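Here is a short briefing on aromatic contacts. Look at the rings first, then at their surroundings.

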Amino acid sequence: MKKLILCLILSFQVIEARAILFEPYIFTSYGEATHPNESESPKMFAHGVGASVLFSLIPMLSAGLSADYRLYSQMSDVKSPYGNRTGKRLAIHPTLGLKLGPAFFKYYYQAFGDYELDNETSSGEKLTYTDVSGHSFWLSFPVFPLTRVGVFYELEKYSKYENGSTEVDLSTSNNELEFNKFGIYLSILL
């Protein structure tokens, strides 16, 4: 009886191990930061590293979490209407994965992770955009065993910002800061 229980536990561990997808990745993207009250939208680059951990639900479909650290840099000239939006963000996303033959598709819902600007305001306080929502669509194909190259599109929308101890709700006046980005990434799918 003990051997049977031990075999069942070991077989469950093998099945469970095969049902996990792990994908570390690096990425770069280009887009713009739009704000409804500003006449211009600064051009932005975003670079980062991250990883996805997905658990198989059915043979082709998996679900889990992705996390990445992003560095944003503004490429447009800094002008008074919008200042400098160079900053950073540690993001965590609920993720769905779909594997169709060699193609691997991921969808993230942008739900967590504040965007902190590197430069302080004129009064010396940090400015952080919060309450993020949005969508990310990633598609990759193998180029070497385990190594994949892909493209993605992301939309991030921030509904609040904190300036020191003051929090401002941007959604009440339809003033959300929005990033639209297209990018490429390199990953290892294990």
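A charge sits over a ring if NZ of Lys or CZ of Arg is within 6 Å of the ring centre and within 35 degrees of the ring normal. In this predicted model, the charged end of Lys106 sits over the ring of Trp138, at 5.3 Å from its centre. A search of the whole structure finds 21 aromatic pairs.

**Tyr129 and Tyr161**
- The ring centres of Tyr129 and Tyr161 are 5.9 Å apart, and the planes meet at 55 degrees, so the pair is tilted.
- Tyr129 belongs to strand β7 (residues 127-144) and Tyr161 to strand β8 (residues 147-163), so this pair ties together parts 32 residues apart in sequence.
- Tyr129 is buried, because its relative accessibility is 8% and the cut-off is under 20%.
- Tyr161 has 24% relative accessibility and counts as partly exposed.

**Tyr153 and Phe182**
- Tyr153 and Phe182 also form a tilted aromatic pair, with 4.9 Å centre to centre and 45 degrees between the planes.
- Tyr153 lies in strand β8 and Phe182 in strand β10 (residues 177-188), so the pair ties together parts that are 29 residues apart in sequence.
- Tyr153 is partly exposed, at a relative accessible area of 26%.
- Phe182 counts as exposed, because its relative accessibility is 57% and the cut-off is over 50%.

**Ring cluster**
- Which residues do ring pairs link into a cluster? They are Tyr25, Phe27, Tyr108, Trp138, Phe152 and Tyr185.
- Trp138, one of these cluster residues, is also the ring under the charged end of Lys106.

Note on methods:
Residues are numbered from 1 along each chain as its sequence is written. This is a predicted model: local features need pLDDT of at least 70, side-chain atom pairs count only at pLDDT 80 or more; totals for chains, interfaces and linings use all residues. Side-chain values use heavy atoms; hydrogens and water are left out. Rings of Phe, Tyr and Trp (its six-membered ring) pair if their centres lie within 6.5 Å; planes under 30 degrees apart count as stacked, over 60 as edge-to-face and the rest as tilted. Helices (H or I, at least four residues) and strands (E, at least two) are DSSP runs, numbered from the N terminus. Buried means under 20% relative accessible area, exposed over 50%, partly exposed in between (1.4 Å probe, protein chains only).
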